[in-house]
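Here are my notebook entries from a sit-down with this model. I looked up a pocket, some charged pairs and a surface patch.

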Amino acid sequence: METASLFPFVEYWWFYAAFTGFVMLLLALDLGVFHRKAHAVGFREAAAWSAVWVVLALAFNYFLYKYASWRFRNVERLTSLSGFDPDAAARQTALEFLTGYLVEKSLSVDNIFIFVVVFGYFAIPAIHQHRVLFYGILGALVFRAIFIAMGAMLMQYHWVVLVFGIFLIVTGIKMFFVPDREIHPEKNPLLRLFRRFVPVTAELHGQKFFVRLKGAIHATPLFVALLFLEFTDVIFAVDSVPAIFAITREPMIVFTSNIFAILGLRAMYFMLASAVDKFHLLKYGLAIVLVFVGLKMAWLNSLFGGKFPITWSLGIIATVIFGSVILSLLRPTRGSRVAAVAGHALCGYVFL
C-alpha cells in the first residue's frame, strides 16, 4: 500500500477550497461578463482566450513551485526526513504539474472531434455553442473531481496501479490499431433512455435547455447535445485521469493540472474546430503516450526505484505529441476525420 505524502488533504483542504473558489470565479466572469451576450466565437477571440488559459496554468505552476519550496522547508514532518531536499521536491512538483497538464491537454484534443460531430448532428449554431460547452465544462469539472477522489483512494494499492497501467497499455494499443468509426448520437443508449422519459423538441428555442409546451416540460436539442457531451467526457475521464496518476501520485497536482486543461478546452475547440482534420496523425501520438504512461505505472517506476524521472517523462511526452502534430501537417490527408472520429473514444468501451 502506497500513500501520497507531500500534500495530504487534511493539511491542504484550504488549498482545494481556495482553488475551487478561484475556478468558480473564472467561470462566473467567463459567462457573466465576457460572454454574457451570445455570439459566435471567432478564431482571434478563441486564440486570445487559449493564450489566457495557458498563461494562467503556467502562472499557477510557478506559484505552486514557489509555495512548495517555501512550505517544504517549514514542514517538520518533511524536514525531519533523511535526505529530503525541499528545492528538489518543489521542482519535482512543478514538473509533475506541467507534465500532467500537457498529457491532459493532449488527450482533450479528441474531445474537440466529438464536439464537432455532435454540434453538426444536432444542428447547434455557432452562436449557442459556447453556452453548451460552458455547462459541459462545468459538469466535467464535477465528474473529474469525483474520479480523482476515487483514484486517489484506489491508487494507494499497488495492485490497482498495475491494473490501471495495463488498462492504459491496452487502450493505447487499441487506439493505434482499431480503425476509426463513425459516431451516431441517436444510437447512444443514454439518449435513448432520456427520450423515453422526457419529450424533446424538434427545433431550438434560443438558448433554452428546457421549454414548456402544452403544459409539459420539453428538452431542446441544446440540452440533448449537452447530455451527450457530458456522457462522452465521463468516457474520456476513464483513461485521462489514470494517465495523470501515472505522472504523479499527488491528488492535488492531478486535480489542478486536470482542471486547468479542461478550462482551456472550449477556447481550443473554437480555435481548432475548422482544422481538426489536419491533425490526423495525433491519434497515434496519443496512443503512444497512453502506452508509455501505462508502462510507467506497471513497470518503469519500479525499474527506476519507484519513480521514473519526471524530466524524461516530460521530454518523451512532449516529443511524441508535438512530433505527431508536425508530421500531420507535413503529410496532409484528403480524408475527413470529423466524420470518422478516432478510436480513442471507442477503444475498450461500448458507448454507441
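**Entry 1: the pocket**

How do the residues of the lining of the second largest pocket divide into nonpolar, polar and charged? I counted 14 nonpolar, three polar and one charged. For this I took Ala, Val, Leu, Ile, Met, Phe, Trp, Tyr, Cys and Pro as nonpolar, Asp, Glu, Lys and Arg as charged, and the others, Gly among them, as polar.

A note on the source before going on: this is a predicted model, where local features need pLDDT of at least 70, side-chain atom pairs count only at pLDDT 80 or more, and totals for chains, interfaces and linings use all residues. Residues are numbered from 1 along each chain as its sequence is written, and side-chain values use heavy atoms, with hydrogens and water left out.

I then looked up the space in the second largest pocket and found about 430 Å³. My pocket rule, on a 1 Å grid over the protein atoms alone, is an open set of points where a 1.4 Å probe fits, with protein on both sides within 12 Å along at least five of seven lines; lining residues have an atom within 4 Å of a point. Grid points are joined across faces, edges and corners, and the volume is the space filled by probe spheres set on the points.

The lining has 18 residues, and Leu-102, Lys-105, Ser-106, Met-268 and Phe-322 lie nearest the centre of the pocket. H2, H4, helix H11 (265–272) and H13 each supply at least two lining residues. H4 gives the most, with five. Helices here are DSSP runs (H or I, at least four residues), numbered from the N terminus.

**Entry 2: the charged pairs**

How many salt bridges does a search of the whole structure find? I got four, each needing a side-chain nitrogen of Lys or Arg within 4 Å of a carboxyl oxygen of Asp or Glu.

I started with Arg-73 and Asp-87, whose side chains meet at 2.6 Å, N to O. Arg-73 lies in helix H2 (residues 43–74) and Asp-87 in helix H4 (residues 86–107), so this pair ties together parts 14 residues apart in sequence. Arg-73 is partly exposed at 46% relative accessibility, and Asp-87 is partly exposed at 24%. My cut-offs were under 20% relative accessible area for buried, over 50% for exposed, and partly exposed in between (1.4 Å probe, protein chains only).

Next came Glu-96 and Lys-307, with their closest N and O atoms 3.1 Å apart. Glu-96 is in H4 and Lys-307 in the loop between helix H12 (282–303) and helix H13 (310–330), so the pair links parts 211 residues apart in sequence. Glu-96 is buried at 5%, whereas Lys-307 is partly exposed at 34%.

Glu-104 and Arg-144 also pair, at 2.8 Å between the closest N and O atoms. Salt bridges with shared partners join Glu-104, Arg-144 and Asp-233 into one network. Both Glu-104 and Arg-144 are buried.

**Entry 3: the surface patch**

Leu-295, Trp-299, Leu-303, Phe-304, Trp-312 and Ile-316 form a nonpolar patch on the surface, with about 590 Å² of accessible area together. To join such a patch, I asked for over 30% relative accessible area, no salt bridge, and nonpolar side chains (Val, Leu, Ile, Met, Phe, Trp, Tyr) within 5 Å. The areas come from the Shrake-Rupley method with a 1.4 Å probe; for residues, only the protein chains shown count as cover.

H12 brings the largest share, three residues. Ile-316 belongs to helix H13 and is partly exposed at 35%.

Notes. Patches are made of residues with over 30% relative accessible area and no salt bridge: like charges are joined within 9 Å, nonpolar side chains (Val, Leu, Ile, Met, Phe, Trp, Tyr) within 5 Å.
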